[in-house]
Structure formats: structure tokens, C-alpha cells
Amino acid sequence: MRRLMMWSMFLALALTLVWGCASMDYASVASIAVKTTVKAVEASRPISDSEEYYIGRAVAARVLGTSRLVQDPQLTLYVNEVGETVARKSPRPNTYKGYHFAVLDSAEPNAFACPGGIIFVTKGLVVMCGNEDELAAVLAHEVAHIANKDGINSISKARWTEVLTTLGTETAKQYAGAGGQLITLFEGSIDDVFKTIVVNGYSRSAEEAADAQAVATLRKAGYDPGALPALLNKMMAKTGAGSSGIFKTHPPTSDRLAKVKTGTPGATPDKMEAVRTKRFQSIKM
Amino acid sequence: MKVPVWLIKSRGWLLLMVLAALLCTPVLAGAETMKVSMGNQSLYAEPNYSGTPITPVPAGAEVNVVTTSGDWYKVEYQGNTGWMHRGAFAQAQSPQLNLPGMLFGGGVKQTKSDEVALAGKGFTPEVEAGYRQKHPEMNFALVDQVESFKVDSGKLQAFIKEGGLTP
């Protein structure tokens, strides 16, 4: 009996120790460390991947509030296949919830990259692309804007500082107290991004950086890197047609074209390009 | 305090320590290994998606968890060390044995401090919900539809191959 009691005690004590070991996992240790430094980090941290995702969703919802989505599974699948193919070879092959490509029912050629991974291309721009490689060039350029965080970086620094200040306040710990303020700041952040990607367009340097990255991505994916200058040439030829749509959000300037051409020396036609063009043409638009 | 004779005679303390050590080891080892359940995952040099991936990690691969930072796990995989997002794993939380709960029932829930919880928060689903209520004209239903569209991994590989592209 005494022996049984002894082993029972051993077992209970051992299990308690085991629990101690198991519960003191790396997450607990990390949380203690984080707790002590969080105030300093909170005061300067950048926008997280998940925050970028929620801002991107709201920007996309705003776009879809006024634009119709093409409900064509074949076209949607095709654009997603081309988009995923280039995204995988981009400097940012994955995002918080992945990339998603969709076609907007508009004849005006344009494309938008919402932060976090949703990319819209209009039917008008898909039609303007004469082949799959040019569509890949458009999507690689938009993926580059997401990889470079051009949309999310258009949120004003003052607004983001205010978000962090709000999060640091005591009331933020009780969500209801600071919720209204955070929603207002969220709203303002969406305005900042929307104005950049839909209304005013990116800076010239952001466009040129996205072009250079798109060329590199096309090459890595196996597409013709010359497809981007070819498409820009088409756009340049139509510049006189108007100053809205892609001509405003992604203006095709001669400087931009010259830089892209310099970045694509020795691009030789791929014999498989004909196969890709054929499947592009088989998609009914 | 008088130590019971039976404890001394049986070298109980020593046995206790050995037993605890033996029991501790497998629990920790078990907590360090996690299985990747999502396709198209990679190791990243930093705990974010911005950098160039170190190496791809296929679905089904087992990785050793070194440490965590927010939603990111620092892992070892085939001689490489890098970061993977928690979304790559089916279990959002690392496996953990809750023996006190089993033995004594409840009362051992781990809670993060408000500060720790807020460190990774700002624009959250709750903020989005508030925004949606304020702006019913925004079409989040279509956003959900766009996000629900997935390209099958096998079909994508076939598409890449058919077009003479780089896998």
C-alpha cells in the first residue's frame, strides 16, 4: 500500500513538472519578451501583412461598389492561371491570403493592384493585349506594385502614426472605446490607397521600378520579357485617345518605354509563344 | 522538515527527477515538429512575405519549429532555417499538452496581455466589420467571391507545362 502511495505521488509530481515544461513553450517565453518591448515596437511598427490584407479587401470592395465583375469562369480561370504563374516568380510569391485575379466589365483599359493580393484587370485591357505574354506583362507589373507595397505605402505617415497612437492608448485596450476612431482611420487609409491606385496613379519612379521588376519576373517565368515594351508601345500609340483609365493610373511615357527596352536586350521569340497565343485567342471575350 | 524514511530508502528524489526529465523530453520534441498543410509555401528570411523566399516547402513536409514571432514560425527544413506564416499549417497553434486541464479540470487557460494582443493588431476583422456597417455601398460580397476562386495546383502545373513556361 505504501509503495502504491509512493508511486502515485511520484506520478503526480512528475506530471506537474511535465506540465510546467510543456506550458513554458517558446510562445510563452516570446510573449514575455514581447510584453516588455511592445510599447517601443508599437510606436514605430510598419503595417503588418494582415492589416495590408484588410485594407486591400476594403479597397477592392470600393472598386467593386462601382464596377461590375465579369462572371465568366473560363476567363477568370485563365487570368488567374497567368497571374499565379507570374506571381510565383515575383519577389513576393505569396501574400497573407494569396493573390487573386479578377476581370472588371469595362471597355476602358486599366488594371489595379489592391494591397494584399487582389488584382483587377479590365476586359478592355485584356482585349488590348494581343497575346498571353502581354497579359502576363500586365499582371507581372501589378504584382510588382504589390511586392513593392506601392499601394499600402501611399497611406500617409501622419495617419499611420495616429493609428499607432490610438492602439497605444488605454481606451484601445477596450475595443469599444477606440473602435470608432480606428474605423475612421481605416476609412482614411482606404481613401489614401484608392486615390493612388484608381484616381491619381503611382509616382513615375514606382512605375519604372514595377516595370523593371515585371521584366525580370517575365523572364523567370518563361514569358517573353519583350511583351512589356510591346504593350507599352501599343499604349503609347493610343495615348492621344484619352487621359483616363490606364493612361492616367499607369501613364505610358517615352521615358518609361525607353527604360523597359533597355532592360530587355536580346529577347528572342519563344517557339512556345504560339501555343500560348493560341490558348489566349481561344478564350471568348 | 523530516524527510520520510521510505523516500530516502527508495532514492525517491532521484527517481522523480529522472522520471520528469524523461517525460519532459518527448513533449518538447513533439511540440517542435509541425506539418505543412497548405500548398505553395516557402521559407522566408524575415517574418514577412516581402523578401525573396529561401526555398519552397511542399504540403505534407514536416518542419522543426525553432521559435515564434507573432503569426510567424521560425523553422528548420532540409538544412535551411527561415520563417513560415502560421497559415501554412492546419493547426493555428502549436501542439501543447494541457495536463492540468486533464488532471484537475480548467483554470489553466493561457492568456496574452492586452499589450501583446495589440502588438499584432490594428486593422482587424472587427474594424472591417465596423467599416462595412458604415459603408453598405461597398461590395464585400464580390470581394469574398474573388477570394474564393482558387486555381488547382495540378491544373496550374499543367498550364505552365503546356505553355512551355518555367515551373
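# Exercises on a predicted two-chain model

Buried residues make up 21% of the 167 residues in chain B, where buried means 20 or more other C-beta atoms within 10 Å of the residue's own, exposed means 12 or fewer, partly exposed lies in between, and C-beta atoms are placed from the backbone. This is a predicted model, in which local features need pLDDT of at least 70 and side-chain atom pairs count only at pLDDT 80 or more, while totals for chains, interfaces and linings use all residues. Residues are numbered from 1 along each chain as its sequence is written, and chains are lettered from A and ligands numbered from 1 in the order in which they are written.

**Exercise 1.** Find how many helices and strands chain B has, and their pattern along the sequence.

Solution. Helices (H or I, at least four residues) and strands (E, at least two) are DSSP runs, numbered from the N terminus. Chain B has seven helices and six strands. Along the sequence they follow α-α-β-β-β-β-β-β-α-α-α-α-α.

**Exercise 2.** Locate the residues of the largest nonpolar core that touch the most other members.

Solution. A nonpolar core is a set of buried Ala, Val, Leu, Ile, Met, Phe, Trp, Tyr and Cys residues joined through C-beta atoms within 7 Å. The largest one holds 79 residues, and V121(A), A136(A), L139(A), V143(A) and L218(A) touch the most other members. Helix α6 (residues 132–147) of chain A gives the largest share of this core, 10 residues. Next, take L139(A) and leave aside its neighbours within four places in sequence: its contacts are V82(A), G83(A), V86(A), F101(A), I119(A) and V121(A). A contact here is a pair of residues whose C-beta atoms, placed from the backbone, lie within 7 Å. A second, separate core has 14 residues, including Y44(B) and W72(B).

**Exercise 3.** Work out which strands stand at the edges of the open three-stranded sheet in chain A.

Solution. Two strands pair if DSSP finds at least two bridges between them. The strand order is β1-β3-β2, with mixed pairing. β1 (100–104) and β2 (111–113) of chain A each have a single partner strand, so they stand at the edges and one side of each is left without a neighbour in the sheet. β1(A) and β3(A) (residues 118–122) pair in the parallel sense over five bridges. In this pair, L104(A) stands opposite T122(A) of β3(A).

**Exercise 4.** Determine whether K149(A) and Q78(B) count as exposed or partly exposed.

Solution. K149(A), in the loop between α6 and α7 of chain A, has 17 C-beta neighbours inside 10 Å and therefore counts as partly exposed. Q78(B), in the loop between β5 (72–77) and β6 (80–85) of chain B, has 9 such neighbours and therefore counts as exposed. Neither is a glycine, yet phi is positive, about 55 degrees for K149(A) and about 50 degrees for Q78(B).

Conventions. Two residues are in contact if their C-beta atoms, placed from the backbone, lie within 7 Å.
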